[in-house]
Every structure is written in C-alpha cells, then in structure tokens.
Amino acid sequence: MLAQDLISDIVPALKTSDSGLDALNWMEVFRVSHLPIVNNKEFLGLITDTDIFDLNKPEEPLGNHKLSLTAPYVFYNQHIYSVIEIASRLQLTVIPVLSENKEYLGMITQTDLLKNYAELIAVHTPGGIIEIEMPAYEYSISEIAQIIEDADTKVLSFYVNQKDANSPLKITIKLNREDIRPVLRAFDRYDYTVTASYSEHNTVDEVVKKNYDALIRYLDV
C-alpha cells in the first residue's frame, strides 16, 4: 500500500492568500491540526493551528505566517510504513504527498492513514490473536508459520517488536480462525512461550491452564 493510494480527495490545501481564519475553519471542519500551503503545484510547507494562534492575527494572509514545520512530506511511491513513521515522529495530522519532481499531489489524513493501516493488518477480519516471546537468536518466521499451518490455520498479520538489542522478541500474530486452541497446543508442544492470547470465544489460555493442572497434580502427590 503506497502513499499515492492513501491521498484524501476531500481535504483541500491552502493558498498563501488564504487567511489564518480560513485555515482554522478548515481545520475545525476536517478535525486536523495541520494543513499544507501550496502555490500552484509547489508545496511550501505545513501550517499548524499553533502557528496561527501564536501570530495572533487570524485575518492576516498565510503568506505572512512563519511555518513551524517547513516541509515534511512523503513521495507518492513510499510505503504506508514510511508514512506512519513520519506522521508518528512529527505528530502530524496530515502528511503531504509529492511526485518524484516534488510537485504537490495531495495529502493523507491521520484518519485515512489509520483506516488503511487497520485494513492492512486485518483488524476487521475475524480471528484470534496470539502473542509469543523468544530470544532473538531463536527466531525463525518460517518455523513459526509452519507450526501455525500444521494446526490448519493461516497467518493474517505478523508483527515483531524488540525493546532493545538485548531484549527478547515480542511477536504478535493475527490468525484466520477464532478458535485458536489448536495453535496454542501446537506452540506448547514446541516449547514456545505464549504470553497472551485473545479470541472471540474467550477461550482459556491453554498453556497457562496446562501449567496450572500440572501444579495441582504435583501438589496432590
């Protein structure tokens, strides 16, 4: 999913002749805190509601305002992950999209970005979620996928997180089935550490249950 596929066809760009009041009105209508200023196809930069409030002259044309963020943008062929990175790092509510010649093509809103990202990670597709943890040196995506597929299940999305270089990997897996007990049993057989599991069936985490049952049997001896 590329930046060009995420461009909003609703939110307008601003012109230097527009006033700060015009910008604030559009920001309120579209519930954003940033808007791009464009001269023909030239992207001049983003203006924020804070810029306008700080100047305290909302009737002034935008061309008289100093932009706090000179020119953050993404190119049309950048992946959605790159768009998310710059939006998150700079805390943007809109992200301008430029052509390879740096001509303004449009903008991506935070709302559209979140909506498309949700589709990318299969948020709306029914299925359970399993979280596992392991040392980085033991990580094998092919092995994890094989274990899941052997349990007659498919992976819808797969995310790996590591706090720092010395921390274990935290892996979140979205599956295509709501009854995830066969996958939990499979991970248990291969001694994977399942830290959490979520399902529409509200099934008990069988790894925890098995350990509990083993403890009870031990205490009964």
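At what angle do the axes of helix H3 and helix H4 cross? The legends below begin with this pair. The model is predicted: local features need pLDDT of at least 70, side-chain atom pairs count only at pLDDT 80 or more, and totals for chains, interfaces and linings use all residues. Residues are numbered from 1 along each chain as its sequence is written, and side-chain values use heavy atoms, with hydrogens and water left out.

**View 1. Helices H3 and H4.** The axes of H3 (residues 80-90) and H4 (residues 110-120) cross at roughly 135° and come within 11 Å. Axes are lines fitted to C-alpha atoms, for helices over the stretch in contact, with angles from 0 to 180 degrees between N-to-C directions. H3 and H4 are therefore oblique to each other (under 35 degrees is roughly parallel, over 145 roughly antiparallel, 65 to 115 roughly perpendicular, and the rest oblique). The crossing of H3 and H4 is left-handed, a term for a near helix turned anticlockwise from the far one by less than a right angle, right-handed being clockwise. On H3, the contact (heavy atoms within 4.5 Å) is made by Ile80, Tyr81, Val83, Ile84 and Ala87, and on H4 by Leu113, Asn116, Tyr117 and Leu120. These residues divide into 8 nonpolar, 1 polar and no charged. Here Ala, Val, Leu, Ile, Met, Phe, Trp, Tyr, Cys and Pro count as nonpolar, Asp, Glu, Lys and Arg as charged, and the others, Gly among them, as polar.

**View 2. Helices H5 and H6.** The axes of H5 (residues 141-150) and H6 come within 8 Å and cross at roughly 130°. H5 and H6 are therefore oblique to each other, and their crossing is right-handed. Ile144, Ile147 and Ile148 of H5 meet Val183, Ala186 and Phe187 of H6 in this contact. The contact residues comprise 6 nonpolar, no polar and no charged. Within H6 (residues 181-189), Pro182, Val183, Leu184, Ala186 and Phe187 are buried (under 20% relative accessible area; exposed is over 50% and partly exposed in between, with a 1.4 Å probe and protein chains only). Just after H6, Asp191 takes a positive phi of about 60°.

**View 3. Asp18, before helix H1.** Asp18 is in the segment before H1 (20-30). Asp18 is buried, because its relative accessible area is 14%. From its side chain, Asp18 reaches the backbone nitrogen of Lys15 at 2.8 Å. Not counting residues up to four places away in sequence, Asp18 touches Glu60, Pro61 and Leu62.

**View 4. Pro12 and Trp26.** Pro12 is in the segment before H1, whereas Trp26 lies in H1. Pro12 is partly exposed, with a relative accessible area of 28%, and Trp26 is partly exposed at 37%. Leaving out residues up to four places away in sequence, Pro12 touches Trp26, Phe30, Leu35 and Met107. With that exclusion, Trp26 touches Pro12, Leu14 and Leu35. The C-alpha atoms of Pro12 and Leu35 are separated by 8.3 Å, at 23 residues apart along the chain. Those of Trp26 and Leu14, 12 residues apart, are separated by 9.2 Å.

**View 5. The whole protein.** The protein has 7 helices and 9 strands, taken from DSSP runs (H or I of at least four residues for helices, E of at least two for strands) and numbered from the N terminus. Of its 221 residues, 37% are buried. Among contacts with a separation of 6 or more, 57% join residues 24 or more positions apart.

Key:
Polar contact = N/O pair within 3.5 Å; in protein donor to acceptor, adjacent residues only side chain to side chain.
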